Amino acid sequence: MKMIPAISIIIGMIMGSFLHLVALRRSRGISIISPSSHCFNCKRILKPFSLIPVFSYIIQKGKCRYCGEEIGIGSFFAEIIMPLSYICLYFKFGLSAKLFMMIYLVSVLYIMSITDILEKNIFDIDLVFLFIAAFIYLIYAYFYKFFDMRIGIIQLFLFGLYFIVKRLEKPPLAEGDILVYIALLTFLNIFEGILFIFSSFWIAAIVLIALIKMKSLESDKIPFIPFIAISFFLVILLGEDILKFMGWL
């Protein structure tokens with residue numbers, strides 16, 4: 001059991017590299033299977049020593065060893081943030097079915113976040129992955145009688161909102177974002193769900209105000225999935241403590 005945190009870190013680094021690669025390749029219209037890992041600039045196939053998570057980026061100073069082109073810090077960021085996420089989830093849930101479910105959700109949300117940042121769009125396949133997990137969890141929760149029906153009511157309301165927003169020419173929120181909310185609410189109780197929704201908008205507001213202050217806002221179409229992902233992660237980790245502090249529990 002003492003080895004599990006170390007294993008979580010190693011798996012997290014490998015998964016971070018893979019998940020970021022999937023998002024990048026999809027945004028460029030490249031298959032995630034072939035060709036082998038290569039420099040997007042010079043097209044040279046990368047050797048194994050150029051594919052070691054974290055260490056290869058540091059040793060190569062963030063550049064391709066063949067052409068010297070900047071690799072970009074995104075992959076390095078993923079190789080740091082994903083193992084940290086996995087280890088936090090392990091200490092929260094222990095070695096359990098819920099741990100693997102949350103790792104799955106966080107991984108899908110990472111891909112969706114990068115895709116939304118790069119493409120300002122959500123891939124249908126990612127929504128399918130989320131709803132498959134939500135459906136499995138819903139069946140489990142139903143049989144063990146711990147699904148909060150009040151969450152179901154909020155989900156029905158959001159489904160109605162989805163069809164309304166879908167008809168608008170300039171919706172204030174993308175319909176895909178609403179579907180992500182619906183899927184993720186399945187894993188929360190009513191108080192966590194309310195905190196999740198509101199905190200995602202608070203985080204977005206803080207970041208947008210900061211970007212406006214720094215004059216770094218380049219588009220009027222803001223990728224919202226990263227804010228949803230961050231909020232969900234914080235709620236599943238710290239939701240109970242936050243709610244107790246607020247006096248909701």
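This is a short chat about a predicted model of one chain.

Visitor: What is the secondary structure of the chain?
Guide: Nine helices and zero strands. From the N terminus, the elements run α-α-α-α-α-α-α-α-α.

Visitor: How many of the residues count as buried?
Guide: 42% of the 249 residues.

Visitor: What about contacts between residues 24 or more positions apart?
Guide: They make up 63% of the contacts with a separation of 6 or more.

Visitor: Let's move to H5. What span should it have?
Guide: Helix H5 covers residues 124-143, which is 20 residues. At 1.5 Å a residue, H5 should span 28 Å. Its end C-alpha atoms are 29 Å apart, so the two values agree.

Visitor: Which residues of H5 are buried?
Guide: Asp-126, Leu-127, Leu-130, Ala-133, Ala-134, Tyr-137 and Ala-141. They cover an arc of only 130° around the axis, so they sit on the same side of H5.

Visitor: What covers them?
Guide: The cover includes helix H1 (4-27), helix H4 (97-119) and helix H7 (175-185).

Visitor: And which exposed residues are on the face turned away?
Guide: Asp-124, Phe-135, Tyr-142 and Phe-143.

Visitor: What comes just after H5?
Guide: Lys-145 does, with a positive phi of about 55°.

Visitor: Now charges. How many salt bridges?
Guide: The count comes to one. The side chains of Arg-26 and Asp-126 form it, at 2.6 Å from N to O. Arg-26 is in helix H1 and Asp-126 in helix H5, so the pair ties together parts 100 residues apart in sequence.

Visitor: Arg-26: buried or exposed?
Guide: Buried, at 18% relative accessibility. The cut-off for buried is under 20%.

Visitor: And Asp-126, what is its relative accessible area?
Guide: 3%, so Asp-126 is buried too.

Visitor: Different spot. Where is Glu-192?
Guide: In helix H8, residues 190-213.

Visitor: What is the nearest side chain of opposite charge?
Guide: Lys-98, 6.4 Å away. A salt bridge needs a nitrogen within 4 Å of a carboxyl oxygen. Glu-192 is buried yet has no salt bridge.

Visitor: What is Glu-192 in contact with, then?
Guide: Val-235, Glu-240 and Leu-243, leaving aside neighbours within four places in sequence.

Conventions
Residues are numbered from 1 along each chain as its sequence is written. This is a predicted model: local features need pLDDT of at least 70, side-chain atom pairs count only at pLDDT 80 or more; totals for chains, interfaces and linings use all residues. Side-chain values use heavy atoms; hydrogens and water are left out. Helices (H or I, at least four residues) and strands (E, at least two) are DSSP runs, numbered from the N terminus. Buried means under 20% relative accessible area, exposed over 50%, partly exposed in between (1.4 Å probe, protein chains only). Contact means heavy atoms within 4.5 Å. The expected span of a helix is 1.5 Å times one less than its number of residues. The arc is that of the directions from the helix axis to the C-beta atoms. Lys and Arg count as positive and Asp and Glu as negative; His and the chain ends are not counted.
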